[in-house]
Amino acid sequence: MECFAKPIGINRSDGKRPDGLTLTPWYKGKSLLWDATCYNTFASSYLPKTSKLAGSAAASAVTIKRNKYLDLLDRYNFVVFAVESMGPWCSEAKLLTSDIGKYLSALNGVSRSTVFLRQRISIVIQRGNAISVMGTFPESKSLEEIFYFV
């Protein structure tokens, strides 16, 4: 059983579904529905854009994801949480973390909750980058003790 299972009951015609759904209404009586993605800043398909404008791959992800879930946009508050492997976030991801940070601050009284949330997400992206790099190394018992992440 998965700890973070994708939401059931909102399948598209092809069986694909977004990453998360709130149980309670988020805004204007609609639940929040999100799909997260991380694009590689240095992928050959994005490099012509990302070398000229930081965050352009994440921005294009928003258009792609919105078109993918077009049939769900009228029933949910849909947010694309698109980031790039080298750090840039799309504007929707920034806005969502700001909103969640405000709610956290109201609950826990910590005014820097938004900052802490963004730092935590950035660390997860960095760990993903490290794992990707580690996957390119040849297997070696001598390297195992140096690069132990678990």
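**Exercise 1. Strand β3: faces and burial**

Task: In β3, which residues point one way and which the other way?

Solution: 
- Asn-77, Val-79, Phe-81 and Val-83 point one way from β3, and Phe-78, Val-80, Ala-82 and Glu-84 point the other way. All are buried, where buried means under 20% relative accessible area, exposed over 50% and partly exposed in between, with a 1.4 Å probe and protein chains only.
- In a regular strand, side chains alternate between the two faces of the sheet.
- The count for β3 is 8 of its 8 residues buried.
- Strands (E, at least two residues) and helices (H or I, at least four) are DSSP runs, numbered from the N terminus.

The model is predicted: local features need pLDDT of at least 70, side-chain atom pairs count only at pLDDT 80 or more, and totals for chains, interfaces and linings use all residues. Residues are numbered from 1 along each chain as its sequence is written, and side-chain values use heavy atoms, with hydrogens and water left out.

**Exercise 2. The sheet around β3**

Task: What is the strand order of the open sheet, and which strands stand at the edges?

Solution: 
- The open sheet has 3 strands in the order β1-β2-β3, with mixed pairing. Two strands pair if DSSP finds at least two bridges between them.
- β1 (20-27) and β3 (77-84) are the edge strands. Each has a single partner strand, so one side of each has no neighbour in the sheet.
- On average, neighbouring strands are turned by 30° against each other, direction ignored. Axes are lines fitted to C-alpha atoms, for helices over the stretch in contact, and angles run from 0 to 180 degrees between N-to-C directions.
- β2 (residues 30-39) and β3 run parallel and are joined by 8 bridges.
- Trp-34 has Val-79 in β3 as its bridge partner. Ala-36 stands opposite Phe-81 in β3.

**Exercise 3. The helix on the sheet and the core**

Solution: 
- Helix α2 (residues 56-68) packs on the sheet and touches β2 and β3. Its direction makes about 150° with that of β3. Contact means heavy atoms within 4.5 Å.
- The largest nonpolar core has 21 residues. Such a core is a set of buried Ala, Val, Leu, Ile, Met, Phe, Trp, Tyr and Cys residues joined through side-chain atoms within 4.5 Å.
- Phe-81, Ala-82, Trp-89 and Cys-90 touch the most other members.
- Two or more core residues come from each of β2, α2, β3 and α3 (91-108). β3 gives the most, with 6 residues.
- Leaving out residues up to four places away in sequence, the contacts of Trp-89 include Ala-58, Phe-81, Arg-118 and Ile-125.

**Exercise 4. Salt bridges**

Task: How many salt bridges does a search of the whole structure find, and which parts does the pair of Arg-66 and Glu-92 tie together?

Solution: 
- The search finds 2. A salt bridge is a side-chain nitrogen of Lys or Arg within 4 Å of a carboxyl oxygen of Asp or Glu.
- Asp-35 pairs with Lys-65, with the closest N and O atoms 2.7 Å apart. The pair links strand β2 to helix α2, 30 residues apart.
- Asp-35 is buried at 2% relative accessible area. Lys-65 is also buried, at 12%.
- Arg-66 and Glu-92 meet in a salt bridge at 3.2 Å, N to O. Arg-66 lies in helix α2 and Glu-92 in helix α3, so the pair ties together parts 26 residues apart in sequence.
- Arg-66 is partly exposed at 25%, whereas Glu-92 is buried at 18%.
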